Amino acid sequence: MQHGKYRFIVGFLAVPLGLYALFVVWPFIQSIYYSFTDWTGLSPDFAMVGFDNYTRMFHDDIFWKSLEHSLLFAVLLPVVTIGLALFLAFMINVGGRRRRGGPVVTGVRGSSFYKIVYFFPQVLSIAIVALLFAFAYNPDSGAINAVLRGIGLDGLQPLWLGDPHLALWCVMAVLVWSTTGFFVVLFSAGMASIPADLYEAALLDGASRFTTFFRITLPLLWDTVQSGWVYMGILALGAESFAVVQIMTTGPGGPDYSTTVMVLYVYQKAFRDGQAAYATTIGVALLVVTLAFAAIVMRLGRRERLEF
Amino acid sequence: MKTTETPAPVPAEPGLPVTKTGAPPARPPRQTHEGGVLNVFSHGILVIWAIMVVMPLVWAVMTSFKDDRSIFSSPWSLPDRLHFDNWARAWTDAHMSEYFLNTVLVVGGSLIGTLVLGSMAAYVLARFDFPGNRFIYYLFVGGMSFPVMLALVPLFYVVNNMGLLNTIHGLILVYIAYSLPFTVFFLTAFFRTLPASVAEAAFVDGASHTRTFFQIMLPMARPGLISVGIFNFLGQWNQYMLPTVLNTDPDKHVLTQGLVQLAVSQGYKGDWSGLFAGLVMAMLPVLAAYIVFQRQVVQGLTAGALK
């Protein structure tokens with residue numbers, strides 16, 4: 001297999017690697033370099049300014065707000081989404097009525113129907129989902145307040161996205177709505193591969209079904225949960241939070257910066273305010289947060305791998 | 001009947017027949033009880049979540065057939081009649097047809113490019129030993145966890161300097177580049193699982209490396225290509241952040257951008273029904289395709305996370 005091997009390798013790698021280097025790797029390196037300059041993005045001239053941008057960032061209140069919101073997204077969203085998904089997946093796979101002579105643990109009737117429906121939001125663009133909910137949250141003509149009126153709660157008509165105290169939670173709820181189904185399906189696949197004897201033995205020994213969840217299901221599913229956690233956290237820090245905050249909240253960034261997140265702040269500084277260098281500085285902070293998040297989750301979640 | 005949501009643990013009952021699959025007709029009574037409560041409870045929860053998922057979508061479809069006045073006065077009422085004119089207005093006046101065409105062109109080009117270039121790189125990385133192999137592999141894979149927005153600031157100027165800003169082919173090249181990390185990661189693992197003997201036999205028979213790849217290895221890798229193809233198709237079809245930054249010319253807008261643009265401009269014109277028609281128009285093809293290819297889509301989207 002030696003003949004022409006290197007020519008072949010170079011021939012096959014050149015185009016993909018070149019494209020990747022030019023459009024992905026090179027901009028990443030550049031942006032770290034630019035964070036030490038005073039480049040505006042509007043003119044090609046710039047000078048090195050050392051750590052000025054970083055000093056400015058540490059004194060920028062809006063930056064701290066965006067960092068706080070991004071951290072909240074990265075910590076809270078995976079917990080809520082994955083928790084809810086585990087719960088629903090467990091209900092789908094273990095909540096079934098035991099049929100005469102059948103296995104001890106069964107899925108509910110119509111489990112495949114639930115899985116199909118729950119997955120709907122996952123195939124839709126987050127931009128479309130964000131638009132849809134922006135209208136649903138509309139205080140006067142939106143679907144949500146209309147439901148509240150319909151069940152007699154006329155006094156309870158929140159402004160939702162217009163209320164600085166509520167806006168961030170509204171945005172988060174949309175991300176929970178749109179990502180839970182994916183994890184339900186993912187965890188269901190994992191749960192289906194856990195041998196039924198394990199549940200049988202535990203139930204015979206007197207464990208309740210809820211004990212079996214914490215003692216059997218969760219430990220055996222841990223690897224999937226952990227990679228799902230990292231995946232969700234990266235999405236919540238990056239593209240998904242950009243789309244929902246930019247599309248749904250006024251400003252964008254919410255009333256009184258109540259929903260602004262780091263990724264949106266980078267975008268606004270670079271493409272709205274003409275402060276490209278400062279934008280890359282915030283981008284570097286976002287990179288640090290993302291990598292630290294992934295490292296912490298991998299570290300905290302490390303345990304003996306269980307074979308079954 | 002127990003009404004608590006979490007039933008107490010069933011006490012171990014000695015002397016019961018060991019319940020094995022397909023064994024005794026007599027069941028311990030407590031367990032039946034518990035199973036029943038849990039069953040009602042779990043069905044209840046599952047139905048509630050299903051309603052929460054479906055209702056916003058149903059609401060959107062209903063609204064797209066209503067006139068503007070009833071959208072505002074009674075958001076949940078059924079349309080008095082089906083206003084198909086909303087859809088016609090969205091398709092032509094609101095330029096939805098152009099957004100569709102742009103999206104099809106961009107996604108078509110980038111999907112083919114991603115699969116061809118991704119499988120070439122993955123094949124070489126999976127099957128050949130050469131200095132720098134691991135480095136290049138991790139260079140690709142590392143791209144999955146980096147925040148794309150950081151690169152987008154300089155990328156805008158890179159693309160601009162090459163004269164590719166606001167062009168369909170420029171957007172295609174960028175989509176391919178940002179789809180490569182996952183594609184290479186996934187397909188490298190897939191090519192490693194294919195038997196080496198077939199390729200070796202072809203090579204002994206005089207086929208070149210290139211021919212072996214295109215005529216033997218690619219057909220063998222079909223299941224992997226379908227999975228990663230669906231993953232990339234949905235990711236690229238639904239992409240919002242890349243075109244928002246790199247494709248600001250309204251004539252070149254893709255579907256997601258076009259709709260957001262529409263929401264802003266229709267806000268002034270007050271044509272909410274047309275906007276909802278546009279939203280539903282963009283949602284339905286993807287949902288329909290998902291329902292038809294349900295198994296493959298789920299496999300494609302969960303494949304990465306299960307690895």
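**Where the two chains meet**

Guide: In all, 93 residues of chain A are in contact with 85 residues of chain B (two residues are in contact if their C-beta atoms, placed from the backbone, lie within 7 Å). Helix α1 of chain A, residues 5-34, gives the most to the side of chain A that touches chain B, namely 19 residues. Helices here are DSSP runs of H or I with at least four residues, strands are runs of E with at least two, and both are numbered from the N terminus. By class, that side of chain A has 65 nonpolar, 22 polar and six charged residues. Ala, Val, Leu, Ile, Met, Phe, Trp, Tyr, Cys and Pro count as nonpolar, Asp, Glu, Lys and Arg as charged, and the others, Gly among them, as polar.

The model is predicted, and local features need pLDDT of at least 70, side-chain atom pairs count only at pLDDT 80 or more, while totals for chains, interfaces and linings use all residues. Residues are numbered from 1 along each chain as its sequence is written, and chains are lettered from A and ligands numbered from 1 in the order in which they are written.

Nine of the 10 residues of α13(A) are buried, so the helix is largely enclosed by the rest of the structure. Buried means that 20 or more other C-beta atoms lie within 10 Å of the residue's own; with 12 or fewer a residue is exposed, and in between it is partly exposed. The buried residues of α13(A) include M262(A), V266(A) and A270(A). Among the elements covering them are α3 (61-94), α11 (222-237), α12 and α14 (276-300) of chain A, together with α6 (148-161) of chain B.

Apart from neighbours within four places in sequence, A130(A) is in contact with V174(A), A243(A), V244(A), I247(A) and M248(A).

In the loop between α12 (239-248) and α13 (262-271) of chain A sits D256(A). D256(A) has a positive phi of about 60° although it is not a glycine. Since 12 C-beta neighbours lie inside 10 Å, D256(A) counts as exposed.

Now the other chain. Chain B has 14 helices and zero strands, and buried residues make up 41% of its 307 residues. Among its contacts between residues at least 6 apart in sequence, 75% join residues at least 24 apart. One pair to look at is α3(B) and α13(B) (residues 272-292), which pack at an angle of about 75° with their axes 8 Å apart. That makes α3(B) roughly perpendicular to α13(B). The residues making this contact include W87(B) of α3(B) and M281(B) of α13(B). By class they divide into four nonpolar, four polar and one charged. Axes are lines fitted to C-alpha atoms, for helices over the stretch in contact, and angles run from 0 to 180 degrees between N-to-C directions. Angles under 35 degrees count as roughly parallel, over 145 as roughly antiparallel, 65 to 115 as roughly perpendicular and the rest as oblique.
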